[in-house]
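Subject: Structure handover

Hello,

Here is the structure for you to pick up. My notes follow below it.

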Amino acid sequence: MKYPKRILAYCLLLLFCSMQSAFAQSSFKVSGVITDKESGYPLIGATVMVDGTQQGVSTGIDGRYEISGLHSGDVLVYSYVGMKSCRHQVLASGTINIALETDAMGLEQVVVVGYGSVRKRDLTGSIVSVKGEELKTSPDYNPIRGLQGKVPGLSIINTGVAGGSPTVRLRGVATINAGTNPLYVVDGMLVDNIDFISPTDILSIEVLKDPSSLSIFGVQGANGVIIISTSRAKEGQTSVSYDGYAGVQVVHDRDRVNMANATEFTQLYNELLKNQATKEVPYTPYVPELLGKGTEWVERVLRPAVITNHNATVAHSSEKAQHVFSTGYFLQDGVQKYERYSRINLRYAGDWQVAKAVKIGSSMNLSRWDKKGSSVNMESVVRAAPTYKPYAPAEAHSPENPGSHYNPAPDFQREISNPVAQMEINRNNSKSHGYRAVGNAYIDIKLFKDLQFKATGYADIGVSTDRNISPRYFVGKTMESAIQKNAQNSMSRGTAEYRKFQADFLFSYKKTIREKHRVDATVGYTAYLNESEGFNASADSIAGSNVLMVPGDMWMLSQGNAQTKKNGDWFNSESFISYLGRIMYSYDNKYLLTATFRVDGSSKFSPRHRWGYFPSVGAGWVLSEESFLQNTSQVDFLKLRASWGRLGNDKIGNYMWLETINPTGQQVIIDGKIYYIPTRSSEVDENLHWEVMEGYDVGIEGKFFKNRLSVDLGYYTKKTSDLLAYVAPSVSIGAGYAITNAGAIRNSGFEFILSWQDQVGDFSYGVSVNGSTLKNRVLELGNNNSDIITGDKHRTSVGHPVGSFYGYVQNGIFQNQAEIDAYTEKYNVAWQIRPGDIRYTDLDRNNRIDDKDRKFIGSPLPTFMYGINLNFGWKGLDLSVDFNGVSGNKILNAKYLPGFTQFNFYQAQTKRWHGEGTSNKMPILDNTREVNRLISTNMIEDGSYCRIRNIQIGYTFPKQLTSWMHISKLRVYINAQNPLTIRSNTGFTPEIGGGILDGGVDYGTTYPLPSTYTAGISLNF
């Protein structure tokens, strides 16, 4: 029995040795030196990786490398920052020396411009390109939100509303009454928003800012242009991919408005009652229902909210046809309860080479969105007193009155609704949905070797429907005594439809002559039509005037009171046609010239002033191609650029040059009877024409140190003349204000992008910083440069920014009567002063305090915006951190202003003046003292902030772990958006919107901007 055991042992030993021998024969190593092809110097820290794995090595100080464990057929990838990567297949052991070439690092990249494309190195204007890969993992339903902090000069004010659109402005505010939104161009189609696009479908976004780049869009381009290119199938590939994430949105305590609790409110309110007491109305202490924390209304209304997005794409490409189909689903619950937005996308794009010289193609994007609006406004939430319970006791509940479940507000706050009652009764009562189809079809014919013709037709069609119901209810004992109530069951419906059609016909000529002269010329014609119409109707007493609870299937207009039904409709139409031409010339890759001319005709103006003419010119000088820089190893690319151009802005209403009649304009009484005399609704300026923007742009671009360092510096100035402004009418005609061309505004500033990208072995890192300054000034105004006064807080005046804050300058608080006596002895004051009141500065030094002592006390426009982007990579791990911020802007805090009833107090008001020496900033609590309500620096807050915009950590699995599942790429990641904002204002967010002339005011009603935490996965097959 011993021999069989020995034989088995010898066999196992022989098998082991043969396996070792086989392994030794199939595995080998290679070595070599990696050098710079241009200089011949060895490259330190160059990377050698086995393709599809994480196996790799780095070169030493002599550029040498050695990598083992290779197998026949493996592909080695040689890479170095600033150099073009090189691939080499290995079959056996040996020496492989590699010389890497300098990479232009995107200079040969083709950038999409208006009606064409151009190499990035040949640009003469200011254009920033952002890859779609940077946006698809960001939890934003609107791709523009993802650009915040990435593009200098681009201002984005975000909102936390589910499905809400941001406010977007490029290079300041250049108008006072016309539109300020940039133009969006999606695959050539002019659109007013891009909320129908899934970020996953985007290939790249180009932001055009300077006049040379914008003038090709003529009257549409004055506010800047954002071009979105969607993805197409890659040649020779078939692929399937999935991208998805899910997460939660939260409003952290640090991002909430700090309100007084029940105990603090009781103390402050009783103090206010004492301060306001008179002989006629003596002080009566307020005894609350609750003390301590009381009811935290913000906590009752806000919630952690779900957000998720899923997108699947199938792409196929053959020799003569390419197709891509994608579908997506996005869902966002609002951080206010019961609010929701969802969207479904379907997209197809195809291209066919039907003949050697003929190519056709089409694309279509279909989407449906649904929205449930907020059922409570933040105004009620922050103003409600914390001293009562939101819910009534169970014995008070009535099945016929939904309001019986809730307690009414205290008597002193009868006009502030119980926020929980408002939210619960009205939940799901406001609904809307819509459909949108955006598509195009084209034919591209190569007429001759260098001449092409392309005709494209576009369509953008949408329809939306909304429904709002208001059930009958009352919160209180009876309908008659209740303040928070709705006496009738009522509802409204509305439908809107729009149709946009566009046609472009372009001839393009591209020719290279004697290898030094390169010409790219485009001429074309484009036409655009935009029509919209809709109707709305409303009715009350749904299902009868005595019915309290209406069944769900009875909420129809037909069930309302026929005598009180209302309805209306509307229609709008606008169109323009344009002729355009552009020529781009490059000599020897050194000297660049771009000239553009566009002629626009718009239906918005009278026939006498319907046409506008918009030229531009741009020039560039590539210094790095000159002999005096050819041998400078530190400079890889250096270019100077300058441009000038003229643009128009017609973003006003339609038919404003046509006179309209008001049939009941004036009334007269004759013999006791009233007669109406028709008048013109407003004066009409028959010479009305578009605003004209003329601007200059200069800059320098460079890449240094083997393309590790990239620099882009620029200065711009643009002046908008013939502002579309409203002026006072002639008194004799009794008409309203008329719009005309009057005034001018200038915006100017510096912009920069600095970035450094490097790799050391397996570790790569990058740092990018961008920023822009803004100086906004009004140069002229109509009515002999008279100020435009908007309410009691804003004023637009020559020499100052648009929509600036205007008020008094606080100089402390009067602490005692002696201070008041000394003050009134020196100054003649137009109002009564008592201890605890604000002291104002005598600005004009005439020893009198009156409205002439007001000045400009801040602007809502930031003077500096910036972004910082950090990225790190090590093998399969990656980390990116984005920051953004603004400074120089102010916020007017109107939250403390007393209103029509008593509001809850803010925490800042606990530091009010309540005795000598207690405060020199916050005045006494007394709503009867008008002096403390005057707009002043007391209300001005710093609007600056610095935010961590995004943090993302991801891991890409090695191919050898996923290839058996036919997965070419598998990446998982976690992401935090807006996790931390450093700021000094006291509202929900420092991003305060508003109109051009009255922005930047925080009433405490701004929707909170949440922090969003998601986890996602990207799969490619």
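Is strand β16 (residues 202-208) largely enclosed by the rest of the structure or left open? This is a predicted model, so please read everything below as computed. Strand β16 is largely enclosed, because 6 of its 7 residues are buried. Buried here means under 20% relative accessible area.

Two partners of β16 are worth noting. Strand β11 (residues 127-131) pairs with β16 in the antiparallel sense, over 5 bridges. In that pairing, S129 stands opposite E206 of β16. Strand β17 (residues 225-230) also pairs with β16 in the antiparallel sense, this time over 6 bridges.

Next, a separate topic: an open sheet. Three strands form it, in the order β53-β52-β56, with mixed pairing. β53 (940-942) and β56 (1001-1002) stand at the edges. Each has a single partner strand, so one side of each lacks a neighbour in the sheet. Strand β52 (residues 890-893) runs parallel to β56, and the two pair over 2 bridges.

Last, the second largest pocket. How much space lies in it? About 950 Å³. Its lining has 42 residues. V191, D192, N193, K500 and N530 are the ones that lie nearest the pocket centre. By class, the lining divides into 16 nonpolar, 14 polar and 12 charged residues.

Over to you.

Best wishes

Technical notes: Residues are numbered from 1 along each chain as its sequence is written. This is a predicted model: local features need pLDDT of at least 70, side-chain atom pairs count only at pLDDT 80 or more; totals for chains, interfaces and linings use all residues. Side-chain values use heavy atoms; hydrogens and water are left out. Buried means under 20% relative accessible area, exposed over 50%, partly exposed in between (1.4 Å probe, protein chains only). Helices (H or I, at least four residues) and strands (E, at least two) are DSSP runs, numbered from the N terminus. Two strands pair if DSSP finds at least two bridges between them. On a 1 Å grid over the protein atoms alone, a cavity is a set of points where a 1.4 Å probe fits but cannot get out, and a pocket is an open set with protein on both sides within 12 Å along at least five of seven lines; lining residues have an atom within 4 Å of a point. Grid points are joined across faces, edges and corners, and a volume is the space filled by probe spheres set on the points. Ala, Val, Leu, Ile, Met, Phe, Trp, Tyr, Cys and Pro count as nonpolar, Asp, Glu, Lys and Arg as charged, and the others, Gly among them, as polar.
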